[in-house]
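Good morning, and thank you for joining. I would like to walk through a few side-chain pairings and then turn to one helix. Please bring the structure up on the screen.

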Amino acid sequence: MKVLIVGAGISGLFIAYELVQRGVKDVTVIDSSYPGSGATLRNLGCFRTSFTSPEHVVLLKESLREWFALKDEFGFKLERRGYLWVARKPETLEGFKKLVDFHHQYDVPTRILDVEEVKRVEPRLNTKLVVGAMFDPTAGRMPIIENFVNLYIKVKKLGVKVVPYTKVIKFIPRGDRVVAAETSGGTVEFDAAVVAAGGDSRDLIATVGVDVPIVDVPRHPYVTEPYAETLRPALIIDWDTPGSPHITQNEHGSMILARDLEDTPRASIYSQRIDAVPHILKPLRELLPFLSSVNILRYWMGYYDMTPDHHPIYGPVTPYENLFIAAGFSGHGMMMGPVTGKLIASWILDGRPYIDIAKNLTLERFKTGRLVKELAVIG
Amino acid sequence: MGREVSKSSNTVIVCRCNDVTADEIRKAIEMGIDDFELLRKYLRLGFGPCQGRSCIMIAARMFARATGRGLDEVLLNYKVRPPIVPISARYFIKGVKS
């Protein structure tokens with residue numbers, strides 16, 4: 001069996017890895033740029049299971065179990081330092097209580113912290129502005145570049161062919177199958193194909209007449225110069241400020257600051273927004289006053305490949321029986337990598353996903369209108 | 001291109017911001033990193049305050065020589081990102097409403 005995967009990011013490489021694990025001999029991954037060049041090497045590297053839809057919670061629990069299970073074999077690094085969702089208003093804390101009840105149904109051990117407990121988790125927080133918080137001790141962060149490079153080297157050693165700087169222009173359909181892809185490096189034939197190319201998946205799948213509702217939404221993270229260990233939680237989220245400004249400190253001591261700001265969808269990846277800095281900094285500086293004296297080192301831009309319900313699109317691209325999609329992760333693709341690999345491999349080889357709930361995430365849902373509902377979209 | 005970086009040595013520092021040595025660059029290439037952007041990001045070359053002013057050309061030449069590729073091909077995706085020098089957060093916040 002010959003499988004073509006479009007997109008050499010975290011999803012594409014985990015799909016390739018799982019296919020090889022299951023005995024597929026001929027796996028090729030094509031990318032229009034360098035491996036990991038999309039959202040994979042542009043995200044903040046944070047992970048959690050404390051989502052607010054059954055689909056996300058079930059799949060993330062499985063995905064993180066797998067990240068940790070592969071740790072030694074791949075040399076992955078992952079650190080559980082917790083997520084701290086800070087509430088400035090009492091009513092927000094009431095909302096958090098409902099989320100905690102939901103999480104506990106799925107054995108996700110989030111809890112509500114009062115101001116004293118918040119202080120213990122993060123002594124630098126200006127608790128005058130804080131009424132409490134929700135804390136997920138199992139959430140954490142990972143060094144994305146190191147983990148991705150380890151995965152990349154591993155799949156190449158396993159015999160996966162990775163072809164960078166090659167653009168897939170269109171698929172060639174024949175009846176209810178797609179039989180080949182026309183690329184900037186020639187025509188590639190295959191038995192099955194997977195599109196795991198973030199927002200670019202939409203344009204590629206449009207070449208066989210299927211609409212994929214993914215919009216690239218620009219995000220603008222800023223990174224500071226490195227400092228000694230300062231922030232204890234993996235991520236602190238200012239939940240009561242619009243766009244939930246958030247901050248993490250990476251393995252090298254740099255703090256990364258970001259906020260979901262209004263932006264032009266599909267804006268160029270190089271349309272810089274220096275004006276975003278104060279909007280991100282100001283609310284976070286209220287909560288963490290020491291931020292007034294840090295130095296801003298660098299800025300980069302990346303996309304959230306957003307779907308209408310902020311959940312990924314997994315599974316077959318109907319009506320084509322051998323074309324699959326894994327895209328639209330809406331900011332969660334890195335942490336979902338391993339489960340993405342196993343789901344798509346099972347879909348290709350067994351004709352169905354190995355976890356039932358993933359069936360709710362097919363492309364069909366946008367036709368039937370059965371979108372996934374979340375209690376709240378949190379960071 | 002200084003000949004010193006082609007000698008095996010732990011002490012030749014290529015990136016002064018993050019203390020990356022020539023040896024570490026060689027080892028990363030041997031480990032199987034076959035793309036310059038991946039190599040650069042893996043070793044954090046250009047991630048410091050100088051944004052690669054001193055290290056990138058040296059590392060790119062080492063990589064080009066090791067892989068037999070041309071320098072312009074190797075540097076295709078290398079981009080300097082704003083700000084050019086680190087700026088205190090204070091300057092951004094002055095008089096701005098959240």
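With which residue does E79(A) form a salt bridge? The partner is R81(A), and the closest N and O atoms lie 3.6 Å apart. Please keep in mind that this is a predicted model. E79(A) counts as partly exposed because its relative accessibility is 38%. R81(A), at 19% relative accessibility, falls under the 20% cut-off and therefore counts as buried.

A search over all chains of the whole structure returns 27 salt bridges, and I will show some others. D263(A) and R273(A) meet through their side chains in a salt bridge, at 3.2 Å from N to O. Both residues sit in the loop between β17 (254–258) and α8 (276–287) of chain A, 10 residues apart.

Next, D356(A) and K359(A) form a salt bridge, with an N to O distance of 3.3 Å. At 54% relative accessibility D356(A) is exposed, whereas K359(A), at 43%, is partly exposed. There is also a network in chain A: E62(A), R65(A), E66(A) and K342(A) are joined by salt bridges that share partners.

Let me now move to chain B. Which residues of helix α1 (residues 22–31) are buried? They are A22(B), D23(B), I25(B), A28(B) and I29(B). Just after α1(B), G32(B) adopts a positive phi of about 120 degrees.

Thank you for your attention.

Technical notes:
Residues numbered from 1 in each chain as written. Chains lettered and ligands numbered in written order. Predicted model: local features only at pLDDT ≥ 70, side-chain atom pairs only at ≥ 80, totals over all residues. Heavy atoms only, no water. Buried < 20%, exposed > 50% of the residue type's maximum accessible area, 1.4 Å probe, protein only. Helix = DSSP H or I, 4+ residues; strand = E, 2+ residues; numbered from the N terminus. Salt bridge = Lys/Arg side-chain N within 4 Å of Asp/Glu carboxyl O.
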